[in-house]
Structures are given as C-alpha cells and as structure tokens.
Amino acid sequence: MEPDPAQFHHTTIGSFLSSLPPLQTKPYHPSFSSGSDPSISSLSIECALNSQAYAMEISNDSEAKKPKRLTSVVWNHFERIKKADICYAVCVHCNKRLSGSSNSGTTHLRNHLLRCLKRSNFDVSQLLAVKRKKKDTTVGLANISFDEGQRKEECIKPTFAKFEQEHKKDEIINFVSSKFDQERSQHDLARMIILHGYPVTLAEQVGFKVFVKNLQPLFEFSPNSGVEISCIEIYRREKEKVFEMISKLCGRINLSIEMWSSAENTSYLCLSAHYIDENWTLQKKVLNFLTLHSSYTEDLLPEVIIKSLDEWDIDCKLFALTLDDCSVDDSITLRIKERVSEKRPFLSTRQILDVRSAAHLITSIVQDAMDALHEVIQKIRESIRYIKSSQEVQGKFNEISQSAGINFQKALFLDNPLQWKSTFIMLETALEYRSAFSLLQEHDTSYSSTLSDEEWEWASSVAGYLKLLVEIMNIFSGNRFPTSNIFFPEICDIHIQLIDWSRSSDHFLRLMALKMKSKFDKYWSKCSLALALAAVLDPRFKLKLVEYYYSLIYGSTALERIKEVSDGIKELFNAYSICSTMVDQGSALPGSSLPSTSSGARDRLKGFDRFLHETSQSQSMTSDLDKYLEEPIFPRNSDFNILNWWKVHTPRYPILSMMARDVLGTPMSTLAPELAFNTGGRLLDSSRSSLNPDTREALICTHDWLRNESEGLNSSPIQSIPPILLESS
C-alpha cells in the first residue's frame, strides 16, 4: 500500500447519509411490473408493511372514529371485489382471488403477498442466504411512509436488529424515533467535501440537491459561503489537534518546502512537517498552503518560512530543510538556519541539514536528456504515427517485422510527453523494431521519418540512461513516505554512471552527460553528507556502504571523503549527547530533546556544558555511536524494517536512537509517488485556485490531516483518494 477502494469513500459519505433518514412525502405504492429491478427481500417487504400499518394506526388513533374503511397497506396490492354478498381480494400481481371479507382479516393476504413477490421477479433467496451466514447482520428498511403531520417533527428510523440463524424471516423490527439534525448534516457534508477533494460548489449542483432531497426533504442547503464557513470551522478544530500533537513530539521536525502554481500563474508555497512519532512511524502533515502575492520575490522566502515556524512553534525543533529546487540560493537557507540557531546555541547551522529533492533532480536530468534527443524522439513519434495511419501500412510493417525475424510482443505506441516514463517505453519498444523501420523505407517511398544509424545509436544510449533512472524512481516512489536511508545507494549509482557517461567517445553523448553531471554535482555538494548519515544509521550498512561507494566515486581521495562523513556523524552525535545531558538536568524544552535558552545564566554557561560533556565522555565507557559502529552489521533481507529495528534497539542506543529518529525522518524527496514521472511543474486544480486564500488553505491542509487520520483506522494505507493537487505542464 488492500481493502476495497470504495470502502474509503463510503466512510464520510456514509456519515453524511446516516443523518439523512429516508423519508417520503406520499404513501408508499410500489409497482412490481415484470420489468422492475429486484431490490428488496421478503423480510424487508414485511417490515415495511408492518411499519406502515403501525404508522397508520398511530395516526388513526389520534383522529375521531370514522366509518370502517380499508386501512391496511396490504390493500395497495389487492383489489376488493364484491359479488352478491361475498367479498374477494384479487392480487394485482398474479390475479389470484382470496377472501376479502372483513371477518377474514389481512394475515392471509400478507402471507400471499410475500409468496407472490418471491415467486415473481423478486428473488430474495440469495439475499436471505447471505444474511443467514452471519451471526450479526443489520437489516435495512426502505420506503417507509408516515403521517404528513408528523413529518416536520420526527422521522421513523429503524433500530439495528441482530439477525441470528434461528430467527424467522418474518420477524418484525422495532422502530424508534430520532430528531433530524441539520447542523450535524451540514458538518458531515463539509467534512465529505474536504476529505474527498470535492468542489465546494457540490452543494449547489442540481443533481446532488435532488439526491439529498429524496433522502431527507428536511435538509436545507446553504449557499457556497455557508459550506466554506463549515469547512473553515473544521479546519480550526483539526489544526488545534495537530498543533497539540506536534508540541508533544519527542523528536524534531523536518520541513519540506514546495512551490506550486495555477493556470492563472499564481504562486503557492506548501510547507509540510515530516517526523517519526513515538511509535516509530514516519508521518507527514501539511502545515500551511500559502498564496504568494504577485510582488513576491525569492529573497522573501526566509521570512515566509520563519513566520510559519513561529506560528506552529516548531522553530526550536527544526532539524532539516528540504527544498525541491537546487537553484535556490544558499544565502536564503542560511538566513533560515541562522534564525533558528539563535534559539538553539548548542546546535550550529551546520547541524541543520539543507537538503534538495532527489526526485526533482532525476526529473531535471531526464529533461536534459530529452531535450538533447528531441529531434530523434520526434522522428520516432512521426514514424509510429505513420505506421498507425492506416491498416495497409500497419499490415505492411507487420510483414516486414516478421520477415526480419522480430518476435517482439510489445506493440508500438505513442508516448505522453508529460510522462517521461512513457517516452522511455516508447524508445525501448521502437528500438526492438529498428531493422523493420530501416526496411520500411525501402518498401514504402511515402515513409520519410527514417533515422540514421547514428541517431539509432543515440536513442539506444539514452534509453539505457533512462532505464536506470526509471528503476531508481520506482524505488523512490514505491513507498508513500520512504525513510532517508534508501536514497544513498541509488544516488551513488547515478553518480557512478554519470562519470562513465561523461567519458563517452561520442561527442553528442558526452556533451549531454556533462550537462546532466553539472546539475548532479550541485545536488551532490549539498546533499551527500545527509545521504551518507542516513546510510550509516542503517544497521545493514553502517560506514561500510559509504566506504564501498566512495572508493568507486573518488578513487585515491576516497579516504578523505570517508573521514568527512565520519567526522560529520560524530559532530552531530556529540550535539545530541549534550542535549541529552541538558534533558537529564531538566533544562530542555518540554517534549523536546533540545536545550532551552530562556535563562540568561544558562546561556552564559553553555561553554561549561560542552566542557563537562567532553571531559566526562573521555572518562566514561564507549558511546552509543562507537558501540553501534563496532558491532557487526545486520544481515540484509527483503523484510527488513529499519524503523522497527531502531524501535527495538532504543534501550541499547538511547542517544543514537534519538538522532536516528530525526535523520531517518528527513524527506530526501518531496515529489508525491503518483507524480514521480511527470515532466511538468505542480499545478493547482481550478476548483481550488478559484477559492479565496483562507478557504483554499483550510481545504488543502484539512484534507491532508483527515486523510492521514482515516488511513490510520485501516490496517493498510488507502490509495484511492482523488488528489486535490495535480501535476501538469
């Protein structure tokens, strides 16, 4: 992540509909023609009949006594005929004649009706068989009418009765009355709109109004502004819950910063918190979705982010910043880190990690390859279009393929330019038919998009590059919230391949690879330490994986680079050790492993705290980090769960586990799995971009919170939620 996708959507819809008990304004007159659709069991029919009779009796008791008339609802299905002094009841479904005398009652008519409906096109046996298999089953009733004067005050609602095997099918279900709750229904409607990403205008759509009115005529629709108010109220309540939860976190917060836009060229900033909770589960919460004014410039980014950190009171808990763009100026992130470090004198700006999204890096270098091969890709597209232009050309191409000995099973297809994986598959498939394309030119003079041998070689080389990147992106997107340890080996593989590609003897391929490597080197200079730290904290690898890859990447200078990683992790561990000491002394922030600076005297003695830690460390036994690195690596297996491993080993490595919690929770990629292969930028859909900023932020943030909450109720994550935020060109 598989439960049924429909179940998740039914959660809030069911909640909304549960407050809309079924009502009818007219008496129930079913029509059981031969063409009607079976939809009700004999049990439900009798319950409906009994309930109608009961409702009519209630109504009749309150009225003055009138001459005797046909009051039972069974007469909706019988026609009373009098011949001489004898009365008959003729079934309108089968024309069977039964006694219609008032002395005979209606029980025999009711029993016949059940048999008659069951014998006709209403097959109830299957439904009853399913219900008898369950110990506890709820029985739903439909089409219940009641006295018109009672409708405005209360509605008839069935209680849920347990259906035991030995119960008879004609048991009567008791009824209770319940008041219709307009406020609760309005709340459920707003919650449904938020959770499933429905447009706020849903309540104004005619089809939806008809649907709801047929369920509950008493429900009164509010204008769009009323729905928005309800959504904002839900947002405020949920925000308080999220704020309280974050304030109690033991670990630190990693902040991802993503830029969005709309068709109207409005820019948005999405800020999300990533952390590992007390159960060692990786979590993500959207904190803000901000609309940037047209006058916004990049140098204002630090102030926007710092304001959000202050709003959520997490500035003192910040561990890492992850941006989706490597081109963001270093001075911008430095200003944020300096501001945060003012409240954390024990941690330097170097210990606030500055990360860039790995998925965005891959998309960027893929785009470089696509741009370089643009003319070749266009020729392949035109070739495929020509082959698919007619049955005659398609048939001729198939014959040529067979004569050339091509037994490839995949058919040629055109790619989606906005999905680079589809372009890779198109290239890979076309390469299998390379000889057939060459022969087609000899047999068909109308074919003019032929490729030269050199162009086919370029296409083959680029397809090989893309294959590696597709495999790596599949790993990144295979988990909704991947831990940071999985990225190091994959990024190192890209690094090694780029070094190899940039040494190509082909001038075209070498220039393309050098351009790709230039972008990669910028990313590597910012993120290599963070990637390596996460790999070291994987007990299957530790420093050995860093040593292995660095020897391949750096050759003779590998030892220097490995020492940088070793020193970096020791420096970070020492900072956590100092924080741990401060926690033990009671001078840390509540719910945090970070020291407080609220006391001026405590600030002046921070040097002493470092001195105390360093001198006591040399006199004490082996640290968590040394013990961890000296022990054998954990065997690799496919079922390994790194968060569960650290959860179990927290007592053995109390300080190192605190550091592992924060490092492994760092988002190394900010691209949603379902958007992994998109080449366009993030685009906000029109139903959200048309809203005012406050409503838009409320809907997007609350959607994220409710979705996570709903998924937490299931054993596996639900993937069936329609995305609010779309990615396009």
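By the sulfur-to-sulfur distance rule applied here, the count of disulfides comes to zero. The structure is a predicted model, and every value below is computed from it. The case of Cys91 illustrates the result: the closest cysteine sulfur, that of Cys94, is 3.7 Å away from the sulfur of Cys91, which is too far for a bond, given that a disulfide requires the two sulfur atoms to be within 2.5 Å. Cys91 counts as buried, at 1% relative accessibility, and Cys87 is likewise classed as buried, with a relative accessible area of 18%, since the limit for that class is under 20%.

Strand β2 covers residues 86-91, and belongs to an open sheet of three strands, arranged in the order β1-β2-β3 with antiparallel pairing. The edges of this sheet are formed by β1 (78-83) and β3 (97-99), each of which pairs on one side only. Strands of a sheet pair through backbone hydrogen bonds, either parallel or antiparallel. Between β2 and β3, which run antiparallel, there are three bridges, and Ala89 stands opposite Leu98 of β3.

The loop between β1 and β2 contains Ala84, a residue that is not a glycine and yet has a positive phi of about 60 degrees. Most residues other than glycine have a negative phi. Lys542, which is in helix α19 (residues 542-554), also has a positive phi without being a glycine, in this case about 55 degrees. As to accessibility, Ala84 is exposed, with a relative accessible area of 72%, whereas Lys542 is buried, with a relative accessible area of 4%.

The relative accessibilities of the individual residues discussed in this report are collected below.

| Residue | Relative accessible area | Class |
|---|---|---|
| Cys87 | 18% | buried |
| Cys91 | 1% | buried |
| Ala84 | 72% | exposed |
| Lys542 | 4% | buried |
| Glu204 | 34% | partly exposed |

Glu204 lies in the loop that runs between α6 (182-196) and α7 (206-215), and its 34% relative accessibility makes it partly exposed. Although Glu204 and Pro223 are 19 residues apart in sequence, their C-alpha atoms are 7.2 Å apart in space. Pro223 is also one of the residues that Glu204 touches, the others being Lys209, Ser222 and Asn224, when residues up to four places away in sequence are not counted.

The largest nonpolar core has 111 residues, of which Ile380, Phe488, Trp524, Tyr550 and Trp646 touch the most other members. Helix α18 (residues 507-536) supplies the largest share of this core, with 16 residues. Because domain 2 (230-356 + 683-712) and domain 3 (359-559) both give residues to this core, it lies between them. For Trp646, once the neighbours within four places in sequence are left aside, the contacts are with Trp280, Leu537, Pro539, Tyr628, Tyr653, Leu656, Ser657, Ala660 and Leu664. Apart from this core lies another, of 38 residues, which includes Val242, Cys270, Leu271 and Ile305.

Key:
Residues are numbered from 1 along each chain as its sequence is written. This is a predicted model: local features need pLDDT of at least 70, side-chain atom pairs count only at pLDDT 80 or more; totals for chains, interfaces and linings use all residues. Side-chain values use heavy atoms; hydrogens and water are left out. A nonpolar core is a set of buried Ala, Val, Leu, Ile, Met, Phe, Trp, Tyr and Cys residues joined through side-chain atoms within 4.5 Å. Buried means under 20% relative accessible area, exposed over 50%, partly exposed in between (1.4 Å probe, protein chains only). Helices (H or I, at least four residues) and strands (E, at least two) are DSSP runs, numbered from the N terminus. Domain bounds come from an automatic or database domain assignment. Contact means heavy atoms within 4.5 Å. Two strands pair if DSSP finds at least two bridges between them.
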